[in-house]
Amino acid sequence: MPKSFPNYRLKSGWNALLPARDVQPALFGKLAADVVIIGAGFTGLACARRWQQISPDARVVVIDASEIGEGNPGRNSGFLLDVALAEDAKPDNMQRMLECNRLTQEAMQSIVRDVEASGQAVDLQRAGTYRAAASDAGVKSLENYKLFLEGAGLPYRQLDQADLETELGTPFFRSGLFSPDCYLAQPASVIRAIHQQLPDSVTVYENTPALEINKTGINWVVNTPQGELTCSQLVLANNSFAKNLGINRSRLVGVYTYAGLTPRLNDSMLETLGSNPNWGLLPAHRLGSTLRRTADGRLLVRSLHSYEQEITGQKIRHELQDRMWRRFPQLRGQDFEHVWGGAVGVTYNGAPVWGQQGPGLFASTGCNGGGTVKGTMLGATLADLAHGKTVPDIASLFGSPSWMPPDPLRSIGFHLTAALESWQGRQER
Ligand SMILES: Cc1cc2nc3c(=O)[nH]c(=O)nc-3n(C[C@H](O)[C@H](O)[C@H](O)COP(=O)(O)OP(=O)(O)OC[C@H]3O[C@@H](n4cnc5c(N)ncnc54)[C@H](O)[C@@H]3O)c2cc1C
């Protein structure tokens, strides 16, 4: 039986760098609520916030299997993109793209407001992002993204290999684009700040996984290890694990990807890493590697994928070291302070699973590799939908998730596609 919630082998490196916080107690006993939201990620917390704004007297309960900052939202690479992702960028439909951009930009501003209002020292800067390619296929994909940026009237700089080496300290990439429309963040501190800004009337239970959901009469019942929640409206914001609770099994898979973060590098190493002290780089191929140099002088590498199961820490370390050393030979021998994995909710065509799934049942999951800002927007919009408000046409804007065959065909398909794409994008790994 697939697990209904994540239980990671390795701790989030981002969260490990932060001071300990007071964890909200787990749910114990039976409780009734108006709405229960499963998952306290970017999606779930945005939904809770909007729900409470629309229905201030509603009993809004959020449960999460993990702790705020330690779970999935505190495990990503910290790119908060406030324009469409490369995979969503379709230059041939610019009207649609501009509307997607407007929605994600609004969501980004709500994150910025929460972080500012929290008064916490959160590393969140509009540092922009590089996209860079090492192969012909990668260069072609950058050309497509350039068309989108031009069509959308968004600023960018084009870089050649020498420019990239000057700014980032690596000769690995042949060509690149720099776009200022991205925030770089310490994601665990951002999600902590968002959680801190929730009104007191929203109750969050940490370390409280939903094991099972059942419809009983007009209500939904959510079973947790030591408790039970009854509600008239239920929201699944728990990413790929929604399918293990029985929702959208045929459209959603869990793909694990991995990150490694070095300790703060010494000054002589940092001097070899180019002129830009705080940058992020997204790969031109979807199975490529993401890189960051953090404001406090660390390098992050995000790469590798596995289907529905986490790989071991030893393998993660070994593979990520190889990627770091190939890009930065001057760092050969440098190890990571932390390595970890996280589950990404993936759909075949990249479109989110979003909307009403049945009476009193809503879901927003499957943001693929870029759900921090998009999830924030979709979570808030889901609360609007549940209250009967007029909402943007999410399916027209972001697509509808396509059907996938069940396992074992699905797993075979994933491994074949991954092997083919890994081969095609091998120079970007
Ligand atoms: C290594 C890595 C790097 C990434 N980098 C980026 C990036 O730079 N930028 C970006 O935008 N995206 C990135 N992503 C993807 C990003 O993390 C997701 O798209 C985003 O977190 C989705 O937000 P969410 O709130 O929808 O889901 P999640 O962040 O997955 O949150 C879901 C929450 O539900 C909880 N949960 C799951 N099952 C249950 C259950 N049964 N009961 C209770 N709680 C449950 C989980 O603990 C989790 O807190 C990355 C992902 C990984 C793994």
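This is a predicted model: local features need pLDDT of at least 70, side-chain atom pairs count only at pLDDT 80 or more; totals for chains, interfaces and linings use all residues.

Reader: What makes α2 and α9 a packed pair, and at what angle do they pack?

Author: Two packed helices are described by the angle between their axes and the distance between the axes. Here, helix α2 (residues 42-54) and helix α9 (residues 371-386) pack at about 30°, and their axes are 7 Å apart. On the α2 side the contact includes Phe-42, Ala-46, Trp-51 and Ile-54, and on the α9 side it includes Gly-371, Gly-375, Leu-378 and Ala-383. Sorted by class, the contact of α2 with α9 has nine nonpolar, seven polar and two charged residues.

Reader: Which residues come nearest to the ligand?

Author: Of the 39 residues around the ligand, those that come nearest are Gly-39, Gly-41, Asn-76, Gly-342 and Gly-371. Two or more residues of the shell come from each of α2, β13 (253-261), β17 (338-346) and α9. The shell divides into 16 nonpolar, 20 polar and three charged residues.

Reader: Why is Phe-362 called buried?

Author: The cut-off is 20 or more other C-beta atoms within 10 Å. Phe-362 has 22 such neighbours, so Phe-362 counts as buried. This residue lies in strand β19 (residues 361-365). Leaving aside neighbours within four places in sequence, Phe-362 is in contact with Val-235, Gln-356, Gln-357, Leu-382 and Ala-386.

Reader: What makes β3 and β4 edge strands?

Author: Each of them, β3 (79-81) and β4 (124-125), pairs on one side only. The open sheet has three strands in the order β3-β8-β4, and the pairing is antiparallel.

Reader: How do you know that β8 pairs with β4 and with β3?

Author: Two strands pair if there are at least two bridges between them. Two bridges join β4 to strand β8 (residues 182-185), and three bridges join β3 to β8, so both cases meet the cut-off.

Reader: What joins β15 to its partners β14 and β16?

Author: Strand β14 (residues 279-283) pairs with β15 in the antiparallel sense over three bridges, with Arg-292 as the bridge partner of Gly-280. Four bridges join β15 to strand β16 (residues 299-307), again antiparallel, and Leu-299 is the bridge partner of Arg-293. Both counts reach the cut-off of at least two bridges, so both are called pairs.

Reader: How many residues lie between the strands of each hairpin?

Author: The hairpin of β14 and β15 has six residues between its strands. The hairpin of β15 and β16 has five, and there Gly-297 takes a positive phi near 85°.

How values were computed
Residues are numbered from 1 along each chain as its sequence is written. A residue is buried if 20 or more other C-beta atoms lie within 10 Å of its own, exposed if 12 or fewer, and partly exposed in between; C-beta atoms are placed from the backbone. Two residues are in contact if their C-beta atoms, placed from the backbone, lie within 7 Å. Axes are lines fitted to C-alpha atoms, for helices over the stretch in contact, and angles run from 0 to 180 degrees between N-to-C directions. Ala, Val, Leu, Ile, Met, Phe, Trp, Tyr, Cys and Pro count as nonpolar, Asp, Glu, Lys and Arg as charged, and the others, Gly among them, as polar. A residue is near a molecule or strand if its C-beta atom, placed from the backbone, lies within 6 Å of it.
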